[in-house]
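Me: I'm new to this one. Could you take me through the nonpolar core, slowly and in plain words?

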Amino acid sequence: MKSYFMIIAMLLATFIAWGPDNTSLAGEKGKSPAIAKPKGGYTIEEVYTKKDELKGKKVTVRGEVVKFNSNIMGKNWIHIQDGSGKEGTNDLTVTTAPDQGANVGDKVLVTGTVTANKDVGAGHKYVVILEEGTITVEK
């Protein structure tokens, strides 16, 4: 029974890392130019630095989609960058319902609930993540 759970954990980790529809620009450093902060919203770096005070609150950020994995654990997993922050505070993961999505390269406005220090299992931990996000693709 224990080995069964280990196999499931390894498969889950593989799907989170490489998802069936995995597309990514996340490894391209400096890919996202500075993108204007939304009115009343935050930059990605600000979400990281203020994560404790924003925990449990809905926030809005604007960024460019650099990675998209669809329908993993019943959610889409989207990484956005806005040109703020350094490595470790420049890429924000957003989870959305499967019907909410965007393409790599899209500029998006995202609203979601801030969760700090999230452990989703199989060795995947997030310092900060936006959950239950809604996405508007901007032109």
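Reply: Let's begin with the term: a nonpolar core is a set of buried Ala, Val, Leu, Ile, Met, Phe, Trp, Tyr and Cys residues joined through side-chain atoms within 4.5 Å. Buried means under 20% relative accessible area, exposed over 50%, partly exposed in between (1.4 Å probe, protein chains only). This is a predicted model, where local features need pLDDT of at least 70, side-chain atom pairs count only at pLDDT 80 or more, and totals for chains, interfaces and linings use all residues. Residues are numbered from 1 along each chain as its sequence is written, and side-chain values use heavy atoms, leaving out hydrogens and water.

Now the core itself. The largest one has 19 residues, and Ile80, Leu92, Val110 and Leu130 have the most contacts inside it. At least two of its residues come from each of helix 2 (44-49), strand 2 (58-72), strand 3 (75-81), strand 4 (92-96), strand 5 (107-121) and strand 6 (124-138). Strand 2 gives the largest share, four residues. (Helices, H or I, at least four residues, and strands, E, at least two, are DSSP runs numbered from the N terminus.)

Look at Ile80: leaving aside residues up to four places away in sequence, its contacts (heavy atoms within 4.5 Å) include Ile44, Val61, Leu92 and Val110.

Apart from that core lies another, of five residues, including Trp77 and Tyr126. Trp77 is buried at 3% relative accessible area, and Tyr126 is buried too, at 14%.
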